[in-house]
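Subject: The structure we talked about

Hi,

Here is the structure I promised to send over. Have a look at it first, and then read on for my notes.

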Amino acid sequence: MLSSTVVELPLRSLPVETNDVAQQCLALWHGMGLFDRPKVGWLPGLPLPYQKFLELIFDTSHHHVDAIVFADPSRTSVLHDLRAAPGSMLVPIIDLTGRATDFADVRFDIADRDSWAQTARRILDFRERRRQLGPAFATPAAPEMELLAHSFVSGRTLAAQYSASIPETVCYPGYPPARVTIPLAEGLVRRGLLKKTFFDRLHECGACGSRRLLVREECPACRSANLHEVALLHHYSCAALEAEDNFRQGSALVCPKCRKQLRNYGKDYDKPGVTQVCRQCTAASSEPEIGFVCLDCNARADGQSIRCTDLFSYDLTDNAIALLTSHVKPLGLRDLPTSLTAAVDRLRHNSSHLPLAILEVRYEAQDVLCETRGALVFEKLRTLFIENLANNLGDHEVSLHIGNDCEYLLVNGYEASTFGRTQRLLQQCEDVLSDRLRPIVRVLARSRRGKS
Ligand SMILES: [Zn+2]
Ligand SMILES: [Zn+2]
Ligand SMILES: [Zn+2]
């Protein structure tokens, strides 16, 4: 029998019964349909203390792996980067440390038979779903396609979660860090492959982008948080309305405006409420302002100037699942959006004989913007640009299709003047943006009679 006093993991030395335990584990897996020892890779490296045991139940000699075993004994390793390892998106991460929680797909503990079964089940689930992936996704190359395939294979949505340990303060357990995941996910939303649901609206530092902010009430005059509440005093005869402190002279109340002494509450004066007085600059105000201090860079901001960002969770759409499990080869022209190839097919099948053209719109400023302002800023600008473009097409003979890093216009009835008109339209759509995207258009494909 297995007893937890015999094998304690992690970190104790291996017991003599290791071999027996390994045999029990393998027998259980066999009974569940996991016939071969799972091929695994180690994160960060082979964990020497219990290497012998692990080598009995896992096959560690392959490059193509079934799972990644997270076994970093250090308490400081960053869980948000677990999925940063290349090739880790289509296999489960098995947590040996007991501290990876949601960031891993399953926890494995030698002393816990249930965890053996859960581990086998996860490996088998991932295998089964990998099998359902179409050929285009079996070895996905583009990072956004990897993200999509991972969501399908792991059965996990991109569920946002607060995380105080990183400046973004949000993470998507099981996925790459938010700074990587969000721009990819936003691109996939635009293409109709993910749908998003609101998670929260967070404020962020204008100087460093951190969302770890201190929120407090501040003096509107000097922005100090050193406020204290005092009673307001109203002198009837001269209409002075000031903090009680300003009337106080020893035990007497003397009006600072008219110098009369106040004697009878209700007759000479009353106390209509309280006010906040600043100990820094002595200014009084009945409504202090909200201010923010960045905990990462100390920058300050007030409620008017602070930047807000909406954050979302993401989930696969039916279109995405259809695309992921499609075993039909996409149309020849590279990785065109499915909406575009479908529209081309439709035009081919109806009797239109108008010349057809596919125009491609790329952004010359993409690299520079991503480098200087960040991928998310670029994606936001691009979203606005696309919105402008869609609003201004207005023409039933032109349809817009969103690609991975470029857009496509399908023109039914292409003529000599179309190109110049399109260039002017793109110009007009970017003129209203805060930064220049420098859209460039080119003719990707053309036909005389509705064939591309
Ligand atoms: Zn900051
Ligand atoms: Zn007075
Ligand atoms: Zn002040």
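Before the notes, one cut-off: a residue is called buried when its relative accessible area is under 20%, exposed when that area is over 50%, and partly exposed in between. Please also keep in mind that this is a predicted model.

Let me begin with the zinc ion (ligand 1). Its protein donors are the SG atoms of Cys205, Cys208, Cys294 and Cys297, which lie 2.3 Å from the ion. Along the chain, these donors follow the spacing C-x2-C-x85-C-x2-C. The four donor atoms subtend angles of 105 to 113 degrees around the zinc ion (ligand 1), so the arrangement is tetrahedral. Two of these cysteines can be set side by side for accessibility. Cys294 has a relative accessible area of 1% and is therefore buried, whereas Cys297, at 31%, counts as partly exposed.

As for accessibility, Cys278 counts as buried at 1%, and Cys281 is partly exposed at 31%.

Now to the strands. What is the order of the strands in the open sheet? The three strands run β8-β16-β17, with antiparallel pairing. β8 and β17 are at the edges with a single partner strand each, so one side of each has no neighbour in the sheet. From one strand to the next, the twist averages 30 degrees.

Looking at the pairs one by one, β8 (residues 213-218) and β16 (residues 289-294) are joined by six bridges.

Finally, the hairpin of β16 and β17 has five residues between the strands, and Asn298 takes a positive phi near 70 degrees in it.

Best wishes

Methods
Residues are numbered from 1 along each chain as its sequence is written. Chains are lettered from A and ligands numbered from 1 in the order in which they are written. This is a predicted model: local features need pLDDT of at least 70, side-chain atom pairs count only at pLDDT 80 or more; totals for chains, interfaces and linings use all residues. Side-chain values use heavy atoms; hydrogens and water are left out. Donors are N, O and S atoms within 2.8 Å of the metal (3.2 Å for Na, K and Ca); water is not among the atoms, so sites may look incomplete. Four donors count as tetrahedral if all angles lie between 85 and 135 degrees; four count as square planar and six as octahedral if opposite donors are over 155 degrees apart and all others between 65 and 115; anything else is irregular. Buried means under 20% relative accessible area, exposed over 50%, partly exposed in between (1.4 Å probe, protein chains only). Two strands pair if DSSP finds at least two bridges between them. Helices (H or I, at least four residues) and strands (E, at least two) are DSSP runs, numbered from the N terminus. Axes are lines fitted to C-alpha atoms, for helices over the stretch in contact, and angles run from 0 to 180 degrees between N-to-C directions.
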